[in-house]
Amino acid sequence: MPELTAIVDSEVITAYATYVVIVVLKMMLMAPLTSYYRMKKKVFANLEDTKLAHPVEEPKFVRVDPDVERVRRCHQNDLENVVPFVLVGLLYSLTGPDAATAITYFRVFAASRLCHTVAYVLPLPQPSRALSWLTGLVVTCCMAYRVLLHNFRL
Amino acid sequence: MPELTAIVDSEVITAYATYVVIVVLKMMLMAPLTSYYRMKKKVFANLEDTKLAHPVEEPKFVRVDPDVERVRRCHQNDLENVVPFVLVGLLYSLTGPDAATAITYFRVFAASRLCHTVAYVLPLPQPSRALSWLTGLVVTCCMAYRVLLHNFRL
Amino acid sequence: MPELTAIVDSEVITAYATYVVIVVLKMMLMAPLTSYYRMKKKVFANLEDTKLAHPVEEPKFVRVDPDVERVRRCHQNDLENVVPFVLVGLLYSLTGPDAATAITYFRVFAASRLCHTVAYVLPLPQPSRALSWLTGLVVTCCMAYRVLLHNFRL
């Protein structure tokens, strides 16, 4: 691993920071989107939440709705894929990779997650969602492979 | 981005480490709390788990309970909010922010998540939970904005 | 906290990177495993997904299956435990711990999560899963304790 001081101003770290913020904000956006669907369709998970959309607590609004569940599954899939990308991506960025390769990985990952969200929420016909999910997974695995090549100590 | 060696002993990194441990431990505490409710109310997700509370496997204890689900939703909300805070917060701390501002962000976030947990588990009437969730979200977005200002490379 | 340049080539950081990749890849493997069970048992969460296993969309395949839910709970438990380990572990590695101790922590954590997955998916009788989960939790708490000892600034 090269000295961190030599690369901390590098293009790779700067690009890493940019794309991490983009994909994490994208992931966090799923929460307000869930809230929007909950308010619009009056579907809540907790009795006390029904007062956000109704003057008094209303047990009949505590129910499950397919559209809300769809957004929640998309959020969950982000957690399962974006968080590993950010964690592995930090270690990858510190292995001193070629800047063009690293930035391509980050761009492909960010694009794949944007496509995944669109494909999930609209929804688009399969295999659009499956392929965008797989693309992100492959990027993270490629980065993980380089980390293991440069840091192997069991 | 300033050289990392210049700031690694800094107050911001030290405070970041302190608050990360606090909010992550808080998040991890939800798992024992879920177990406590599962044992107390004899509500399990897996047939083999029923033996933890009963001499033999008992299918009728494999069921869903509103109190257990409430704690699980609180845990899930922590995952969706605490993890982005930690990831974005690391990049934010490396931009060399003003120590007083950074520590205020960390304090407000930690306080908002403690309030959120209390408001969710008790539960307190809305909008107490919605506001504490929103406060944490705003802190993470403020930090993300600064990261993008200091590191923008698409 | 020691200067990062002094430890970035250290055994602890190298071992940290290795074990992070191992446990994160293990966690990510749960997604293909879920897909495998979904295809095998024809159980899908979205109507559009049913075309992955059938010529036309088939609403009766949109259902919940205990085996699929078991793998999904295992994946969720990984998210709830592996992510805190990685986040706290990074801060821990930067406190300059004894290499032998740190590597022991990483090994015990990785082993505990592998045991947890086997115990969950097969499944093995309890308390095998509970103990492997608890072992990982204790490792993360030990690391968190050292981080607080070395970085305390509220």
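This is a predicted model: local features need pLDDT of at least 70, side-chain atom pairs count only at pLDDT 80 or more; totals for chains, interfaces and linings use all residues.
1. Is A:A119 buried or exposed? A:A119 is buried, with a relative accessible area of 3%, where buried means under 20% relative accessible area, exposed over 50% and partly exposed in between, computed with a 1.4 Å probe on protein chains only.

2. Residues are numbered from 1 along each chain as its sequence is written, chains are lettered from A and ligands numbered from 1 in the order in which they are written, and side-chain values use heavy atoms, with hydrogens and water left out.

3. The secondary structure of chain A consists of five helices and zero strands, and the order of its elements from the N terminus is α-α-α-α-α. Here helices (H or I, at least four residues) and strands (E, at least two) are DSSP runs, numbered from the N terminus.

4. Returning to A:A119, this residue belongs to helix α4 of chain A, which covers residues 99-121. Apart from neighbours within four places in sequence, A:A119 is in contact with A:L124, A:S128 and A:R129, contact meaning heavy atoms within 4.5 Å. A:A119 and A:R129 lie 10 residues apart in sequence, and their C-alpha atoms are 5.2 Å apart in space.

5. As for overall dimensions, the C-alpha trace of chain A spans about 60 × 35 × 30 Å along its principal axes. The radius of gyration of chain A is 20 Å, whereas a compact globule of 154 residues would have one near 15 Å; this radius is taken over C-alpha atoms, and the globule rule is 2.2 Å times the number of residues to the power 0.38.

6. Of the 154 residues in chain A, 54% are buried. Among contacts in chain A between residues at least 6 apart in sequence, 70% join residues at least 24 apart.

7. The relation between the copies deserves a separate point. Chain A is superposed on chain C by a rotation of 120° with 0.0 Å of shift along its axis (RMSD 0.0 Å). That is the relation of a three-fold axis. A rotation of 120° with 0.0 Å of shift along its axis likewise superposes chain C on chain B, with an RMSD of 0.0 Å. The superposition is by least squares on the C-alpha atoms of residues with pLDDT of at least 70 in both copies.
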